[in-house]
Amino acid sequence: MEKQEIAYQNKDITSKVLAENFKGKTFRVYGLDLPGIKDTKPTNIPTVRANELRLDNLFELEDNSVAIVDYESKYDKADKIKYLNYLAGIANRYWKEKKECPLLRMVVIYMGDINIDKETANKIRRAIEMTQVAMIFEEEKQQAIKQAVEDSERKIVVNMIRKGYPTDEILFLMPGYSKDAIEAIREKSAKEEN
């Protein structure tokens, strides 16, 4: 069997191919708090020069900003010029199309092979675990807040019923409730009083 060469940019190529499935996803997996991806855009930036700038991915985000994504195997300070050219090229594309240029976000994701010591690896693992724990706590907190609001609103409806408010007036003051829900609370409240 003949040995095949693996492209130096294999991670970069894989990420570009996978990006076609990013619609509706977010960059949270990379630790970035950006709006979700609404659409994938063409990535070529025509230039007057003989070459064409070609960025890795261009995503329209849910807040209508645009994320220019480039995947790198290693850090190179000189790449900052390339990123500025990407930003200028995309802004120029909008200008030529006579469209207002949205907020542009430059996202560089490094995917090279990194050798780290065990202590650093453990710190990263703990940080990821803490992020997951924090997300669970946040979900529980949001659920508790939602439940507290629902309980509070229900108590208000019960108090209004006890004070003799008609259903139509409760509906007007508590728009989150349906007529059937108010009547069900009214019946349950009447049974509890008897």
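Q: About how many helical turns separate Tyr83 and Tyr86 in helix H2?
A: Helices here are DSSP runs (H or I, at least four residues), as strands are E runs of at least two, each numbered from the N terminus. Tyr83 and Tyr86 both belong to helix H2 and stand three residues apart, so the separation between them is about one helical turn.

Q: What kind of model is this?
A: Residues are numbered from 1 along each chain as its sequence is written, and side-chain values use heavy atoms, leaving out hydrogens and water. Local features need pLDDT of at least 70 and side-chain atom pairs count only at pLDDT 80 or more, while totals for chains, interfaces and linings use all residues, for this is a predicted model.

Q: Is Glu72 buried or exposed?
A: Glu72 lies in strand E5, which covers residues 66–72. Because its relative accessible area is 12%, and the limits are under 20% for buried, over 50% for exposed and in between for partly exposed (1.4 Å probe, protein chains only), Glu72 counts as buried.

Q: With which side chain does the side chain of Glu72 make a polar contact of 2.7 Å?
A: A polar contact is a pair of N or O atoms within 3.5 Å, where within protein one must be able to donate a hydrogen and the other to accept it, and residues adjacent in sequence count only if both atoms are side-chain atoms. The side chain of Glu72 has such a contact with that of Tyr83 at 3.0 Å, whereas the 2.7 Å contact is with the side chain of Lys82.

Q: How many residues apart in sequence are the parts that the pair of Tyr75 and Tyr110 ties together?
A: The whole structure holds two aromatic pairs, meaning Phe, Tyr or Trp rings (for Trp the six-membered one) with centres within 6.5 Å, stacked under 30 degrees, edge-to-face over 60 and tilted for the rest. Tyr75 and Tyr110 form a tilted one, 6.2 Å centre to centre with 55° between the planes. Since Tyr75 sits in the loop between E5 and helix H2 (79–96) and Tyr110 in strand E6 (residues 104–110), the pair joins parts whose separation in sequence is 35 residues.

Q: What is the angle between the planes of Tyr83 and Tyr86?
A: Tyr83 and Tyr86 form a tilted aromatic pair at 6.4 Å centre to centre, with planes at 50°.  Both Tyr83 and Tyr86 are buried, and the angle between their planes is 50°.

Q: How far apart in space are Lys41 and Glu60, C-alpha to C-alpha?
A: Lys41 lies in strand E1 (residues 37–41) and is partly exposed, its relative accessible area being 26%. Although 19 residues separate Lys41 and Glu60 in sequence, their C-alpha to C-alpha distance is 6.9 Å.
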